[in-house]
Amino acid sequence: MKSGNVKIEIVGTQVMGTEQDETFVTAEGIYEREQDVVTVRYIEKIEESLEIQNRIRLQGNGVTISKRGAIVSDMHFASGEQSEVAYQTPYGTIPMEIRCRNVSIKEEEQSCNIEVEYALYSGGELVSECHTKIGIISI
């Protein structure tokens, strides 16, 4: 995929016990490739006055999602790996652990599809089972 403007569609599914929650994000952004590193930047509007600047970074078989603004976090995903993240919200910082089961990255000429399956823990307790699909399409 070539550098340029893109449309980003994200579907996140979280299962917490018997409850399931889905989030949907659609935005336009910039796709950049520099050697073996892909960076996608976009702005997510939560409310009229609240924005989150997002960066998705693909390097090797891993994905890092960084957020700045109303929420601050740097979440790294690589198949079979665990990582820690300090998830900062307007209500305080929540220390979390990510246990990533699988990362799939499929890059084609006009699109890139990313799927991440992971479990999210806080204080050693399972918070949710998560599945995130990210679709990136050249526009």
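**Close-up views of a predicted model**

**View 1. Ten strands make up an open sheet, in the order 6-5-4-3-2-1-10-9-8-7 and with antiparallel pairing.** Strands here are DSSP runs (E, at least two residues), numbered from the N terminus, and two of them pair if DSSP finds at least two bridges between them. Strand 6 (73–78) and strand 7 (82–89) sit at the edges with a single partner strand each, so one side of each has no neighbour in the sheet. From one strand to the next, the twist averages 25°; the axes behind this are lines fitted to C-alpha atoms, with angles from 0 to 180 degrees between N-to-C directions.

This is a predicted model, so local features need pLDDT of at least 70 and side-chain atom pairs count only at pLDDT 80 or more, while totals for chains, interfaces and linings use all residues. Residues are numbered from 1 along each chain as its sequence is written, and side-chain values use heavy atoms, with hydrogens and water left out.

**View 2. Strand 10 (residues 125–138) pairs with strand 1 (residues 4–16) in the antiparallel sense.** Ten bridges join these two strands. Look for Val11, whose bridge partner in strand 10 is Lys133, and for Thr13, which stands opposite His131.

**View 3. Strand 9 and strand 10 pair too, in the antiparallel sense over twelve bridges.** Asn113 faces Gly135 of strand 10 here. In the hairpin of strands 9 and 10, two residues lie between the strands, and Gly123 takes a positive phi near 60°.

**View 4. Here is the one aromatic pair in the structure.** Phe77 and Tyr118 are tilted, at 4.8 Å centre to centre with 50° between the planes. For rings of Phe, Tyr and Trp (its six-membered ring), a pair needs centres within 6.5 Å; planes under 30 degrees apart are stacked, over 60 edge-to-face, and the rest tilted. The pair links distant parts of the chain, with Phe77 in strand 6 and Tyr118 in strand 9 (residues 111–122), 41 residues apart. Both Phe77 and Tyr118 are buried (under 20% relative accessible area with a 1.4 Å probe, protein chains only).

**View 5. The largest pocket holds about 740 Å³ of space.** On a 1 Å grid over the protein atoms alone, a pocket is an open set of points where a 1.4 Å probe fits, with protein on both sides within 12 Å along at least five of seven lines; lining residues have an atom within 4 Å of a point. Grid points are joined across faces, edges and corners, and the volume is the space filled by probe spheres set on them. Of the 31 lining residues, Gln14, Thr23, Lys67, Tyr87 and Tyr118 lie nearest the centre. Strand 2 (residues 19–34) gives the largest share of the lining, six residues.

How values were computed:
Helix = DSSP H or I, 4+ residues; strand = E, 2+ residues; numbered from the N terminus. Buried < 20%, exposed > 50% of the residue type's maximum accessible area, 1.4 Å probe, protein only.
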